Amino acid sequence: MAGTSPFTKKNVPDNVRAEIDARAGKSGILWSAKKFPWIHLTSMSSGCDEKYIELSSLKQGDYRGLYEENYVRPLPVITGVDVKKQGELGTTRRVTVKIVAYTDQQLIDLQKCYFIPGMDCRVEWGWSEDVLGNQSLGPIGNRELGEAEAICRIKEREKQQTHYSGIQGIVGNFSYSLTPENYWDCSIEITAAAEAFGPSKVSDYNCSCPREYEREDPDGKSKKVVENRSILYTMLIDLFKSYYSAERAYRSTLEDVAKQDGKNITISQYNYYGARRTEKGADDVPMYEKIANWINSPDTTEPYISWATLEAAINAKAIPTDENNVYTLGKLTSTKMLLTHHPKLESTDPRVCVIPGTTYDSKIVNLVRTGDIPVSAIVEDGGKKYVMLDNIMVNVVMLLVELDSVEKGDGTITSFLTNVLNKINNVCGSLWEFEIISTTGNCITNPADTLTVNTGFGQSVTGTKGEYDEKHPTVSIVDAKMYQADKTYSLPALPIGGINDKISVLRDFKLDMKMTDSMKSQALYSNGSQQTTSDTSCGSNAIFAPFGLSGTNPVDTLTVNTGFGQSVKLEKTGASQEASVIIKNLAKPKAAVPPKCDDCKKASPNSTKQPKEFSDLMKDLNDDVSSSTTTAALSALIKEYGISSREGDNSHCDGTPLPFVFSFTLDGIGGFSFGQTVTCDRIPEDVRKSFVFQVTAVEHSITPNDWTTTVNTVARANFSK
């Protein structure tokens with residue numbers, strides 16, 4: 001079922017591939033001689049003087065358009081733009097725009113346009129034409145476009161032309177300094193989301209239905225208060241406090257939304273042995289149960305919804321739509337998304353989630369008390385087993401806790417999803433590599449049958465409705481281990497040139513190995529000996545090995561780690577053994593053997609307990625869900641992942657992939673985005689075969705004379721090799 005993966009849609013677009021390939025040919029030589037960048041800055045301030053609403057590195061028209069009315073001083077001009085990622089994954093970007101103001105009055109006027117914290121600004125840039133001679137459409141125009149709508153429109157334009165890019169965000173900082181030449185160097189910083197979905201809030205709508213909540217006063221005493229919360233939180237709290245009536249009230253709406261993506265919803269109540277909880281996730285055991293000493297095994301019933309139902313709830317209750325109920329900013333849908341499976345997979349904490357179809361799930365939660373019967377999350381396709389994300393059952397109390405935390409923080413849907421996914425992954429032994437990515441879809445600009453768009457250069461284009469406004473952007477949850485590496489785009493490697501070269505496909509090429517702090521500590525305190533795996537089925541291989549080194553061992557056969565997520569079996573005799581190398585650190589002396597102690601008392605044979613089997617620990621979890629049983633079960637689950645599975649899955653023998661970071665800089669281009677996979681034939685073959693390089697951030701640097709794009713990636717182990 002790999003065809004359902006959105007990574008097939010997150011490949012580097014065809015027009016980007018064609019543009020880069022063409023730049024490496026004869027057309028690229030001609031294009032590099034005549035390429036010319038433009039920069040355009042638009043202010044959304046209503047108090048901005050008309051002549052400063054739009055600033056550019058290039059003015060249209062004759063020379064008089066470059067000067068003030070008295071022709072003594074030029075108009076303010078943009079001298080450069082830098083676009084950098086902000087945050088580890090580049091989900092937001094920090095844009096620095098440099099402007100020159102030639103008079104004090106210009107500086108004051110610019111203050112009303114651009115030096116206003118929180119003011120929306122749009123920055124666009126591009127080449128005058130692409131390598132095939134297609135002319136630029138220029139800036140978008142329309143100052144009333146909101147941030148999300150503008151991001152969507154920019155993405156649409158990038159699909160049409162690779163020689164264009166842009167951002168829209170809010171001013172976060174500004175500065176200006178007087179130069180010795182007596183003009184002002186100004187700088188504004190704009191913070192922008194990388195995707196339209198990013199800024200959407202879980203509480204965009206206020207619920208007009210007040211609910212009663214338990215709250216603590218300053219003295220720690222519980223009291224009842226009435227509050228208005230987000231619609232999504234209100235739905236979840238209703239399910240928690242009054243399951244039967246809430247299930248009937250919300251089911252129809254959720255089903256209507258889910259059907260749009262071909263999904264079914266599942267709302268259930270599970271029963272398990274554990275402490276009753278409040279909506280805050282704290283234990284809430286009544287006093288009579290404490291007196292009766294029932295605290296260790298109260299009969300606890302809590303509501304659960306499937307992941308498909310959660311996505312339907314977010315789409316219905318959190319993501320805004322227009323008057324026609326169209327998702328103009330995009331929607332969340334992970335329909336039929338497959339995740340990595342392991343035969344011993346379990347959820348070790350039903351207070352977070354349950355994985356229907358696993359060995360112990362029905363025993364731990366004592367089946368469903370009422371509501372829908374959950375569908376197995378374990379599915380088979382092509383002879384292999386996977387986990388269907390849509391069918392994972394998520395605990396409503398956990399959702400309430402995470403939603404409450406996010407609403408008091410940055411309030412974004414992305415943060416809420418990330419927190420929930422991290423919890424699910426953690427209690428399942430961190431089997432997955434969850435990513436939230438933007439997939440295909442178009443921005444919906446107008447529900448009318450025809451649409452007129454201003455190109456920004458005094459031209460307008462009229463198009464018919466067609467399918468353009470029938471689609472919408474989508475955001476999906478994916479497991480990075482399910483990459484399809486065969487779809488990876490390989491960049492032309494040579495020539496690597498400079499700014500003055502006639503052809504410069506790649507300006508810069510870097511392959512760095514980023515050692516984590518834990519790796520550095522292990523190397524520092526291990527006395528020169530590398531840590532080895534405890535799993536004898538994998539051989540005595542070092543977790544980290546030098547580049548391309550196979551290793552040796554005095555046994556007949558040995559499975560060793562190459563250091564690139566790859567295992568190789570060597571025979572003792574023959575060329576393989578002769579070619580292998582033993583590397584020792586001569587500066588590290590062999591540790592001395594400590595003297596034996598004759599007076600030490602022998603340990604009692606009964607002083608050590610036999611460790612419990614995995615099944616026993618899961619049985620303990622069945623009898624009592626508590627912090628101690630869930631912790632023990634999780635430790636046992638992780639250990640099970642570390643040994644050979646019943647289905648012969650030895651991927652755990654791959655060791656720890658070294659954290660390679662591949663980045664490259666090339667002539668400015670639009671179209672690269674988070675989640676795409678790239679490679680290059682100048683990456684060493686062992687590394688190239690063992691890793692998939694996923695784009696995490698795209699950065700730009702633009703001046704009136706040049707535009708460069710830097711793409712940063714992170715190495716993912718190639719599990720499909």
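What you're looking at is a predicted model, where local features need pLDDT of at least 70, side-chain atom pairs count only at pLDDT 80 or more, and totals for chains, interfaces and linings use all residues. Residues are numbered from 1 along each chain as its sequence is written, and side-chain values use heavy atoms, with hydrogens and water left out.

Let's start with the big picture. The protein has 16 helices and 30 strands; helices here are DSSP runs of H or I with at least four residues, strands are runs of E with at least two, and both are numbered from the N terminus. Of its 721 residues, 49% count as buried, meaning under 20% relative accessible area with a 1.4 Å probe and protein chains only. Now take the contacts (heavy atoms within 4.5 Å) with a separation of 6 or more: 69% of them join residues 24 or more positions apart.

Now zoom in on α6, which covers residues 243–259. Its 17 residues reach 23 Å from first C-alpha to last, close to the 24 Å expected at 1.5 Å a residue (the expected span is 1.5 Å times one less than the number of residues). Centred on R251 there's a kink of about 40°, the bend being the angle between axes fitted to the seven residues ending there and the seven starting there. R251 is also one of the helix's buried residues, which include Y250 and L254 too.

How does α6 sit against α8 (residues 307–317)? The two pack at an angle of about 95°, with axes 9 Å apart, so they are roughly perpendicular to each other. Axes here are lines fitted to C-alpha atoms over the stretch in contact, angles run from 0 to 180 degrees between N-to-C directions, and 65 to 115 degrees counts as roughly perpendicular. On the α6 side, the meeting residues are Y250, T253, L254, V257 and A258; across from them in α8 are T309, A312, A313, N315, A316 and K317.

Follow the chain into the loop between α6 and β10 and you'll find T266. T266 is buried, at 9% relative accessibility. Leaving aside neighbours within four places in sequence, its contacts include T309, Y304 and M393. T309 is also one of the α8 residues that meet α6.

Last stop: N271, in strand β10 (residues 267–273). N271 is buried too, with a relative accessible area of 9%. Not counting residues up to four places away in sequence, N271 touches D299, T300, T301, I364, V365, N366, L367 and R369.

Key
Buried means under 20% relative accessible area, exposed over 50%, partly exposed in between (1.4 Å probe, protein chains only). Angles under 35 degrees count as roughly parallel, over 145 as roughly antiparallel, 65 to 115 as roughly perpendicular and the rest as oblique.
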